[in-house]
Every structure is written in structure tokens, then in C-alpha cells.
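Dear colleague,

Please find the structure below, handed over for your review. My notes on a helix and a sheet follow it.

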Amino acid sequence: MKREIPLLISFLAGTLIVISLFVPHPPFNKMEETLNSWYIIVSGFTFILGIDSLLLYNWDKIRRKGKDWPFALTVILSFVVTLVWGIVSGVRTGHIFSTNSTFRNYFYLYIYVPLQATMFAILSFFIASAAYRAFRARSLNATLLLITASIIMLGRVPLGNAALIPVLWIAVLLVAWVLLLEIKATTSASTRVGYLLMLILMVVIAVPLTKFLYGNLSAATDWIMDIPQMAAKRGIMLGLALGGIAVSLRIILGIERSYMS
Amino acid sequence: MSFWEKLSKLPRFWIYLGLLIVMILPIVLKIKAHPKMGLETRLVYDYIDHMKPGSVLLMNFTYGPSSMPELHPMAKAVMRHALLRGVKVIGMSLNIEGTGLGLDVFNSVAKEFQEAGHPLQYGKDYVYLGYKTGYAMVIRGIGGDFHETFPVDYFGHSTSDEETMPLTARIHNYDDIDLVIDFSASGSGATWITYAYQQFNQKIAIGITAVMGADYQQYIRTGQLVGLLNGMKAAADYEAAVAKLMEKELHYTPPPYATVGITAVTWAQLYLILMVIVGNLAFFMIRKQQRRRR
């Protein structure tokens with residue numbers, strides 16, 4: 001019975017919700033509303049499970065004096081302070097986010113918000129470092145990704161069009177400089193001619209490319225996002241949706257039971 | 001170690017310092033961008049601009065402080081725009097972190113209108129419902145019975161009270177809501193489309209962070225979204241357009257956030273592209289040197 005009852009609940013709840021989607025009339029729509037209300041209540045209780053898990057895990061770490069246990073202590077202390085402060089402030093002012101709530105004015109606005117914003121802002125530094133160290137044109141695929149990403153990055157900012165010419169020509173000049181160094185260093189006449197031809201070809205292509213992209217950068221960005229990107233995205237989403245349907249059916253029919261373990 | 005090897009192993013400190021400088025300068029110097037509104041943003045702007053006075057806009061805040069720079073000014077600009085057009089605004093949150101931020105948007109925009117000499121009335125012009133747990137079930141619940149899903153607002157007032165809350169008293173389900181706009185840093189936009197649009201034919205727009213843009217663009221083509229506000233660029237476009245409107249109609253200039261922020265983003269993007277170019281240059285030069293040594 002320990003397994004059968006949860007399986008029966010899953011089957012009935014899942015089937016009812018599916019039926020109510022296709023038959024939005026009594027009694028199914030009313031049953032669906034009741035199930036929705038139950039879901040909201042039950043999901044409220046999941047917070048308790050989360051808190052229980054968080055506290056037990058960290059408390060155990062402190063008790064065992066495990067690796068980095070002071071961090072676990074910080075988690076518990078932060079949790080207690082937030083909870084107590086929030087409750088006291090909420091009871092005093094009526095709502096924790098009311099304008100005279102100390103929880104809102106001190107804790108939320110001056111501790112929580114800056115901490116979260118800082119955590120997210122740090123990402124930009126990691127991206128800069130990664131762009132410098134890892135975003136290399138090692139293969140044709142990587143080169144295509146690099147060029148596409150640069151066009152999208154330029155096309156999605158207001159100064160992108162204006163910055164296009166200097167950015168493109170900095171890239172061209174740097175590559176030209178590298179080629180000139182190669183020409184100087186090499187002793188083979190045929191290799192020299194090859195590098196020289198590459199240099200001329202690059203400049204010849206760069207001029208019309210700049211002309212084309214200037215003024216059309218936004219259109220080029222939209223084309224990349226609307227056609228190749230969207231085609232790939234749709235494929236992924238259809239796959240995800242079909243996978244979701246398959247997993248849901250397995251749960252409703254009791255084939256997939258890992259959620260009970 | 002050659003020059004190129006040294007360059008490829010440039011300490012992180014210098015890369016970080018460069019980024020810090022290019023991002024801080026526009027903010028400190030308050031350099032404002034003058035963005036040109038993109039098509040996706042224009043769709044949302046035009047939709048709200050053509051809403052009849054008295055129609056209802058439901059704003060949902062599903063983001064935390066980490067996404068504030070992009071979504072907060074966007075939400076403020078949309079709310080300003082709606083109120084300027086006489087549209088009534090209701091706010092709610094499906095994310096506990098978004099509750100305080102949503103309230104901040106409502107309070108600050110109400111304060112701006114007060115300062116502009118056009119005070120708004122809570123309960124009549126705008127209502128903040130606050131947080132409700134349950135995500136998809138809340139979205140479906142609004143379609144069934146609004147008052148059952150939100151019996152009281154954030155401050156504990158009954159949403160069915162016709163005297164103090166005439167705005168929410170007349171809302172029964174999605175039939176009484178003209179547009180839902182979801183400001184999200186998560187996948188809640190798709191949940192709104194799945195439940196509110198598919199089942200109740202509710203008009204929906206979303207405001208998201210730039211990294212999520214690719215996830216939602218296809219919904220505009222299919223008509224499931226009326227428009228999309230995509231990242232800081234859209235926030236800046238919308239903010240600049242509404243600021244002009246406010247200056248013209250209320251002789252009041254709202255404080256700029258996104259129009260300053262987008263300059264920092266632009267400079268940072270250019271810096272990143274430069275880093276990619278220099279990094280690749282060093283990579284190729286080192287490869288050449290290694291080949292030559294062999």
C-alpha cells in the first residue's frame with residue numbers, strides 16, 4: 001500500500017489534469033480548480049522540506065567539523081537571522097516589505113540585493129577572462145561561432161553600427177601585421193607570394209564586407225537570430241516537448257517511479 | 001618566454017581591471033545612449049500605446065536582484081507607459097525574490113507620478129497582489145477564478161471589495177485582463193504561454209534578460225507573444241521612448257537607468273571583442289612559433 005497509494009494519486013491527478021485540458025467543462029474544470037488549490041497548498045509545504053534538508057546537511061557538517069564547516073555555520077546563522085528579522089519586522093509593520101520595515105530597508109535593500117547583484121556581476125569578469133583565453137578560432141566550427149558571436153554582440157548594442165568599422169579594421173590590421181611578420185621571417189619565395197596574396201585578398205574582401213555590414217548590421221543580426229538560430233532552437237524545443245510528454249506519461253502510468261525513492 | 005606567450009598568459013588582474021574601467025566610466029560620467037527601438041520592443045510599445053484607457057495590464061515579477069539592472073528599469077518603463085495611457089495596472093509575483101522588487105517598481109512609479117503632479121490612487125489605478133506560490137497553478141487559477149486565486153492583495157485588502165478595490169473587484173478571469181507582461185529571469189514566460197495563452201487565449205508579452213532572448217523569439221512569429229523586451233537594449237529603448245512621452249505629457253523627466261546602463265554594456269561588449277581579437281592573435285603567433293621550432 002505504501003507504493004500503491006502514491007501511484008494511484010499520481011495517476012488520478014495526472015489523468016484529471018490532462019482531461020480537463022481537453023474538456024474544460026463541468027465537472028472537470030471544477031475538479032481541476034480544486035486540484036490547483038491543493039497543489040498550491042502542497043507546494044507551500046515543500047519549503048519546509050527544503051529548510052529541513054538545508055539545516056540538517058549544514059548542521060551535520062558543523063557537528064563533524066567537516067571541510068569548510070565555518071561556511072555551513074554562516075548558512076545557518078544567515079538563515080536564522082533572516083527568518084527572525086523577517087518575522088519580527090513583518091509583525092511590527094504589517095508586511096516585511098512595507099516602507100518602514102527594517103527588514104526591507106536594511107536587510108533586503110542593503111544586504112540581499114547587493115549580494116545577489118555582486119554574484120551575478122562577477123560573471124562578466126569571468127566571461128572577459130574566458131573570451132581572452134578560451135574563445136579561440138581552433139577549427140572551422142569555432143571560427144564560425146566566433147564570427148557569428150561578434151556580429152551578434154555588435155548588433156545588439158546601440159553603438160554597434162558605429163563600432164563596426166573600427167572593430168573590423170582593427171582585426172584586419174592585426175591579421176595583416178601578422179602576415180607581414182610572416183613574410184619577413186620566411187625564406188621561401190613561394191610562401192612569401194602566398195602570404196602576400198592572402199593579405200591582398202583579405203583587404204579586398206574587408207572593404208565590401210564593411211560596406212555591406214555598415215547600415216545592415218541590425219538586419220544581419222536579426223537574420224542570424226531568426227533563421228539559423230531559430231531553426232536549431234525549434235528542433236531542440238520539439239525534442240524537449242516530446243521528451244516531457246514521454247516522461248509525464250511514464251509517471252502517470254506508474255512506469256517511472258524514481259520520484260518515490 | 002616570447003612576447004606572444006607573455007601576452008597569452010596576461011594575468012587576469014589586467015583583464016579584469018580593463019573591464020572594470022570600461023564599465024564604470026559610462027556610469028560615473030552618466031553617458032546616456034540614444035538607442036533606436038528594435039522591432040520586438042516596438043511590438044510591445046505599440047500594443048500598450050494602443051490600449052484603451054481603463055483596460056487592464058497584469059505585470060508579473062519573476063526575477064531576483066541578480067537580474068535587476070536589466071529587468072527593473074524595463075518594468076518601470078512599461079508601468080509608466082501604461083499609466084500614461086490610462087491603463088490600470090495590477091502587479092503580482094510568482095517568485096519570492098521578485099515580491100519586493102515588484103513592490104519597489106509600483107512604489108517608485110507611483111511616487112514619480114505624484115511628483116509629476118498626477119497622483120495615482122491605490123485600488124483604482126493600480127494594485128499590487130504580491131507573491132503566490134504554485135507557479136503554473138496560479139496562472140491557471142487566474143483563468144478559473146481570479147478572486148479565489150488572489151482573495152487579498154499584498155496589503156491584505158480584499159480583492160473583491162468594490163469600494164476600496166474597484167480595479168480588482170471587476171476582474172473575474174483573463175477575460176477582464178487585456179495584457180499580461182511577465183518580467184522574468186527564469187522560464188516563467190513559457191509557462192504563461194502554455195497555460196494563459198493556450199488555454200485562455202490571453203495576450204502575453206514578456207521582458208527577459210538578454211541571455212534568454214534566443215529562447216523566446218520564436219513565440220513572436222507564431223503569434224503566441226505580442227512582443228518581447230529583450231535585455232538591457234530593450235530596457236533602454238523603452239525607457240528612452242517613455243521618458244520622451246512623460247516629458248511631453250507631464251513635463252517630468254524620470255530618472256535614467258537603462259539608458260546609462262546600456263552604454264556600460266556597449267563598452268563592455270566592445271572590450272570583449274577586442275579581447276577575443278588579441279587573444280586569437282597571440283594564439284596564432286604562438287602556434288606559428290611552435291611549428292617553426294619543430
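Two residues are taken to be in contact if their C-beta atoms, placed from the backbone, lie within 7 Å. Helices (H or I, at least four residues) and strands (E, at least two) are DSSP runs, numbered from the N terminus. This is a predicted model, in which local features need pLDDT of at least 70 and side-chain atom pairs count only at pLDDT 80 or more, while totals for chains, interfaces and linings use all residues. Residues are numbered from 1 along each chain as its sequence is written, and chains are lettered from A and ligands numbered from 1 in the order in which they are written.

In chain A, the buried residues of H8(A) are Leu217(A), Thr221(A) and Met225(A), where buried means that 20 or more other C-beta atoms lie within 10 Å of the residue's own. These buried residues pack against helix H5 (140-155), helix H6 (160-185) and helix H7 (189-213) of chain A, together with helix H10 (213-216) of chain B. After H8(A) comes Gly254(A), with a positive phi near 80 degrees.

In chain B, six strands form an open, parallel sheet in the order E3-E2-E1-E4-E5-E6; strands pair if DSSP finds at least two bridges between them. Strand E3 (126-131) and strand E6 (227-230) of chain B each have a single partner strand, so one side of each is left without a neighbour in the sheet. Strand E5 (residues 204-208) of chain B pairs with E6(B) over four bridges in the parallel sense, and Gly227(B) in E6(B) is the bridge partner of Ala205(B).

Kind regards

Note on methods. A residue is buried if 20 or more other C-beta atoms lie within 10 Å of its own, exposed if 12 or fewer, and partly exposed in between; C-beta atoms are placed from the backbone.
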